[in-house]
Amino acid sequence: MPKEKKIRVLIAKVGCDIHERGALTLLTTFRDEGMEAIYTGRYQTPKGVANAAVSEDVDVIALSDHTGSLPIIAEAVLAELKKLGVTDMPIIAGGLLTQEDVKVLERMGVTGNYGPGTPMDVILTHIRNVAC
Amino acid sequence: MEVFLHNLTGIPRVDEAISLMKARNIRGLTRAISIVENYEEGRDALLNDAFQRASEACFTLGFTGAPGVGKSTLVNAVIRHYRRSGKTVGVMAVDPTSPFSGGAVLGDRIRMQEHNPDNGVYIRSLASRKALGGLSEATKYALYLYKAFGFDVIIVETLGVGQDEIDVARYVDVTTVLLVPGYGDTIQMAKAGIMEIADLFVINKSDRPGADLLKKQVQNILYMKAEKERPPVLNTIADQNEGIDDVMEAIAEVRQRKALQGQERHRKRIVEEIRSSVLTRLAGDAEPHLDEMAGKVLTLSMTPIEAAELIIRRIQKGCLEDDEKNSI
């Protein structure tokens with residue numbers, strides 16, 4: 001029988017952020033790269049994202065945000081995942097970030113942390129690395 | 001009844017997935033679906049267990065229709081309806097796999113996001129992964145997993161279908177076909193396929209011009225049926241929650257009506273499931289031979305028909321050898 005393991009990525013946006021272009025670009029790029037990309041839509045709660053990630057059995061959660069709140073969002077999502085007993089799901093982040101934000105995120109175990117202008121190849125390689 | 005979430009670290013193995021399922025832990029179900037989708041080790045054991053425990057008490061609903069008619073939005077409203085009466089709901093939402101890259105964008109969740117934080121609702125997005133007929137291979141099997149888990153209501157949302165993707169009707173109790181104004185004239189209605197599988201029709205986006213005309217056109221082709229078998233035709237504006245109560249009422253009526261033919265339908269479904277498993281298995285067995293045979297056809301040493309015949313003979317021979325090995 002065919003082995004059909006595909007990388008499943010949840011692209012998530014938490015809180016009040018309308019800037020969707022990044023998420024939508026990633027969605028189609030992931031599709032073109034043979035991955036299964038699931039999008040939560042905008043204005044999600046951390047609990048909603050954690051539930052969706054567990055329900056969909058994804059390999060990676062990709063947080064997108066352009067309001068400068070990624071550290072707060074990541075911390076809240078991590079806390080909700082922990083409540084569900086999930087402590088080993090890789091989380092990557094991207095959007096508008098300060099250097100300080102990146103440090104804080106990395107301390108939490110959130111990787112990637114890509115700012116505007118990051119080449120797509122860098123993101124894809126990173127996802128393939130963390131997904132397996 | 002709530003869907004429980006327990007503490008657990010690491011990826012559950014097959015036997016763990018089975019016992020988690022029995023404990024009604026959602027991580028068991030979620031893992032089980034992945035095992036089935038990815039053809040992982042232990043898949044058959046998992047499905048056999050699920051089949052034996054699958055509860056026929058679960059009410060299964062199918063929603064199908066062309067892309068963009070509002071299937072996910074209607075499903076969202078239907079979930080809301082069942083949640084109000086405290087019923088647990090499991091949803092399978094299928095979106096297309098790219099035939100070019102093998103990837104997929106699974107976007108049905110977006111329309112159902114209000115249920116993300118609700119532990120009584122389980123939504124899983126599935127990519128079609130080469131399936132024909134509007135349901136992925138995994139969807140058909142995942143239905144058993146959902147039944148074994150024991151949701152009160154199970155909803156299957158197909159990918160956006162064209163005229164001939166009618167699988168869903170074989171697997172669920174009540175099939176709803178969605179249309180939108182502008183669907184086509186009476187000739188489109190008379191064609192075979194999707195128009196024949198509906199237990200009820202929903203004309204969504206009924207705030208658009210042409211909704212009444214479409215309703216009449218659909219009703220027109222249904223007048224040939226006996227009154228008792230005529231599928232209801234209903235208007236909705238799903239994103240404004242309009243017409244949903246009528247749809248739910250119609251679904252309940254259809255369910256009662258169809259319960260009478262329950263046994264016969266169940267038998268048909270089993271036949272279909274066996275057929276589908278066999279065909280999938282054969283497609284998998286044929287796959288490794290395809291490249292070689294295509295080469296032979298291209299160099300004109302064989303016709304495609306002969307190539308197919310040869311592959312079938314090879315598969316049969318392989319089976320005989322397996323049997324011999326097993327008998328020793």
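This is a predicted model: local features need pLDDT of at least 70, side-chain atom pairs count only at pLDDT 80 or more; totals for chains, interfaces and linings use all residues.
Mentor: Residues are numbered from 1 along each chain as its sequence is written, chains are lettered from A and ligands numbered from 1 in the order in which they are written, and side-chain values use heavy atoms, with hydrogens and water left out.

Trainee: How many Å apart are the end C-alpha atoms of helix H5 of chain A?
Mentor: Helices (H or I, at least four residues) and strands (E, at least two) are DSSP runs, numbered from the N terminus. The expected span of a helix is 1.5 Å times one less than its number of residues, so the twelve residues of H5(A), residues 120-131, should span 16 Å. The model agrees with this, because the end C-alpha atoms are apart by 16 Å.

Trainee: Which residues of H5(A) are buried, and which on the other side are exposed?
Mentor: Buried means under 20% relative accessible area, exposed over 50%, and partly exposed in between (1.4 Å probe, protein chains only). The buried residues are Ile123(A), Leu124(A), His126(A), Ile127(A) and Ala131(A). They cover an arc, taken from the directions from the helix axis to the C-beta atoms, of only 165 degrees, which puts them on the same side of H5(A). On the other side, the exposed residues are Asp121(A) and Asn129(A).

Trainee: What kind of aromatic pair do Phe51(B) and Tyr144(B) form?
Mentor: Rings of Phe, Tyr and Trp (its six-membered ring) pair if their centres lie within 6.5 Å, and planes under 30 degrees apart count as stacked, over 60 as edge-to-face and the rest as tilted. The structure holds five aromatic pairs over all chains. In this one the centres are 5.0 Å apart with 70 degrees between the planes, so by these cut-offs the pair is edge-to-face.

Trainee: Which residue lies over the face of Phe59(B)?
Mentor: A charge sits over a ring if NZ of Lys or CZ of Arg is within 6 Å of the ring centre and within 35 degrees of the ring normal. At 3.9 Å from the ring centre of Phe59(B), the residue over its face is Arg255(B).
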